[in-house]
Amino acid sequence: MSKRFPFSVGDRAMHLALIAKVHGIASAEKYFEDLLHYEKNYLTYSALLNCYVQEKDIEKSEATMEELEQLGFIKNAFPYTEMMTLYMNTEQFGKVPLVIQEMKKNGISLDIYCYNIWMRSYAALSDLDGVAEVFNEIERDHNINTDWSIYSTLANIYINAKVLDKAGSALKEMEDKMKETETKRKIKYRLAYNHLISLHGNLGNKDEVYRIWESLELAFPKMTNTSYICLLSTLTRMGDIEGAEFFFKKWESVKTFDDSRVYYPLLNAYIEKRWLGKAELLLERVVDKGDKLNARTWEALAEGYIQNDQIQKAMEVIKRSLSIEGNSSWQPNSVNVLAILKHFQKQGDVKSAEEFFKIRV
């Protein structure tokens, strides 16, 4: 950048993050080392910390956090949130409450993200009393707006712990908070509806799933592919294949652009139930409409053929997936490749095995 428009320290921090993403952590470290003294402040140190957290490098993350503290750069919850995220991602759940203690000792206020991670850490430790204590603290903290997301986290924790009565209560509170926000702030949260649909699905509440979907359609007349993916995944997970088929057809009639992710829930449900005829018809219909399927979609069908010992069909589908334009770097799952080769080995079919290798090359 020219001298007329010099880099700000914020620019340096963003540049560091970009270097780590494109060129790797070593290049990002070298960039940080070469910064001028005044450029090594809260922003660039935080960017470096985030890089280490992304790499799940505990030793360097902790060392960077210690430097931030020694230099007096920590003024908010962000670095602590980074460390808690690291500990959750590396399954060191017991360290999260220790980070919370450190925050409180240093007079750093907890935000909603801290509370969410703190609750999830106790859930990971199967400490539901700890979860309840954190939630009680949230309710006492006047600086925290207990929005729908905190109840979503709470409901998910209780669902996974199979405490269904408390999960149901949390979902009711979640929906009430959504309505309260919509009334007071005139803001609607599409993501909140998607969470409600998924969580009610996890409880097996099919009627509630349909009711929330109707509310979502009223709130957002133009539905997104993401919402359809959420609904189809939920319905197939509950075993409501007929409902999923109905909404898939509805999506086909209203979609503004193609999205192969929308096919997955129904396709995977068919394959799981070994309804390969339906899976074939689904993909044929999609292709006939002129939509393009990616390689992973075809491989899902190949997996179904492999499970049903229809190896020649699996080979043909994998061949098709490898021929997709612009997909030269994609390779089929090694588990599927091994299953096909084992089949040929068992049959003593050297010719087919060689043909399969030619396809892959």
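Modeller: Let's start with an idea we will need: a helix axis is a line fitted to C-alpha atoms, for helices over the stretch in contact. Keep in mind that the model above is predicted.

Biologist: Thanks! Then how do the axes of helix 17 and helix 19 cross, and at what angle?

Modeller: Look for residues 295-307, which make up helix 17, and residues 334-347, which make up helix 19. Their axes come within 11 Å and cross at roughly 35°. The crossing of helix 17 past helix 19 is left-handed.

Biologist: Which residues make the contact?

Modeller: On helix 17, find E299, E303 and I306. Their partners on helix 19 are N336, A339 and I340.

Biologist: Now the rings. How many aromatic pairs does the structure hold?

Modeller: There are 15 aromatic pairs. To read one, check the distance between ring centres and the angle between ring planes; planes under 30 degrees apart count as stacked and over 60 as edge-to-face. Take Y115 and W118: their centres are 6.2 Å apart with 20° between the planes, a stacked pair. Both residues are in helix 7 (residues 112-124), and because they are 3 residues apart, about one helical turn separates them. Y115 and W118 are both buried.

Biologist: And why is the pair of W251 and Y263 called edge-to-face?

Modeller: Their planes stand at 75°, with the centres 5.8 Å apart, so this pair is edge-to-face. W251 belongs to helix 14 (residues 241-254), while Y263 is in the loop between helix 14 and helix 15 (264-272), so the pair ties together parts 12 residues apart in sequence.

Biologist: Are W251 and Y263 buried or exposed?

Modeller: Buried means under 20% relative accessible area. W251 has 0% relative accessibility, so it counts as buried. Y263 is also at 0%, so Y263 counts as buried too. For a cluster, look at Y210, W213, Y228, F246 and F247, which are linked by ring pairs.

Biologist: Which charged residues lie over the rings of F32 and F220?

Modeller: Over the ring of F32 you will find the charged end of K40, 5.3 Å from the ring centre. R190 lies over the face of F220, 4.2 Å from the centre of that ring.

Biologist: Last one: what pLDDT does the protein average?

Modeller: The average is 91, and 96% of the residues score at least 70. Where pLDDT is low, predicted coordinates should not be read in detail.

Key. Residues are numbered from 1 along each chain as its sequence is written. This is a predicted model: local features need pLDDT of at least 70, side-chain atom pairs count only at pLDDT 80 or more; totals for chains, interfaces and linings use all residues. Side-chain values use heavy atoms; hydrogens and water are left out. Rings of Phe, Tyr and Trp (its six-membered ring) pair if their centres lie within 6.5 Å; planes under 30 degrees apart count as stacked, over 60 as edge-to-face and the rest as tilted. Helices (H or I, at least four residues) and strands (E, at least two) are DSSP runs, numbered from the N terminus. Buried means under 20% relative accessible area, exposed over 50%, partly exposed in between (1.4 Å probe, protein chains only). A charge sits over a ring if NZ of Lys or CZ of Arg is within 6 Å of the ring centre and within 35 degrees of the ring normal. pLDDT is the predictor's confidence in each residue, from 0 to 100. Axes are lines fitted to C-alpha atoms, for helices over the stretch in contact, and angles run from 0 to 180 degrees between N-to-C directions. A crossing is left-handed if the near helix is turned anticlockwise from the far one by less than a right angle, and right-handed if clockwise. Contact means heavy atoms within 4.5 Å.
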